[in-house]
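Good morning, and thank you for coming. Please look at the sequence and the model on the screen while I speak.

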Amino acid sequence: MTPQTVRSRNPAGHAGLIASLLALCTDLAALAAERSALFVRESKSALVQMLVLAACFAAALLFVVFGYIFLVASLIVTVMRLTQLSWIWIALFAAGVHFLLALICLLIARSKMRTRPFPQLSTELKKDRQWLSDLDRTSRSTN
């Protein structure tokens, strides 16, 4: 019977610190390469998914716009037949209503733009900048 060799419980073997560090760096590089390859593969899939999603949203928006145009045209014809007025006056009234609604939306958007986004974050960033400038001043005065 030949005696079986007993393997060391140390996974790095008896190579030493340098070899262990090299093995660790190699394993970390292999892990990073695998993760980056996975990221590339999944990002291509996500790009295709986002393009399909954007195309569907664009088509839906287009269909909604055309539907709205046909709805307004139908309402103009219906009001024209009910009131016996010229379709031009009814269309001008409908355009005026739409311009008024657009102006209201713009005024609301303008009032929302005046409020600063991320107020707490900007306050914290100001505090950080102030702390850094104070730190720079104190380090200059001690030198």
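A nonpolar surface patch of about 750 Å² is formed by Phe93, Val97, Leu100, Leu101, Leu103, Ile104, Leu107 and Ile108. Patches consist of residues with over 30% relative accessible area and no salt bridge; like charges are joined within 9 Å, and nonpolar side chains (Val, Leu, Ile, Met, Phe, Trp, Tyr) within 5 Å. A salt bridge is a side-chain nitrogen of Lys or Arg within 4 Å of a carboxyl oxygen of Asp or Glu. Accessible areas come from the Shrake-Rupley method with a 1.4 Å probe, and for residues only the protein chains shown count as cover.

This is a predicted model, in which local features need pLDDT of at least 70, side-chain atom pairs count only at pLDDT 80 or more, and totals for chains, interfaces and linings use all residues. Residues are numbered from 1 along each chain as its sequence is written, and side-chain values use heavy atoms, without hydrogens and water.

Helices (H or I, at least four residues) and strands (E, at least two) are DSSP runs, numbered from the N terminus. Phe93 counts as exposed because its relative accessibility is 61%; buried means under 20%, exposed over 50%, and partly exposed in between, with a 1.4 Å probe and protein chains only.

Now to Gln84, found in the loop between helix H1 (17-83) and helix H2 (87-114). Its phi is near 60 degrees, a positive value in a residue other than glycine. Most residues other than glycine have a negative phi. Gln84 counts as exposed, at 66% relative accessibility.

Of its 143 residues, 3% count as buried.
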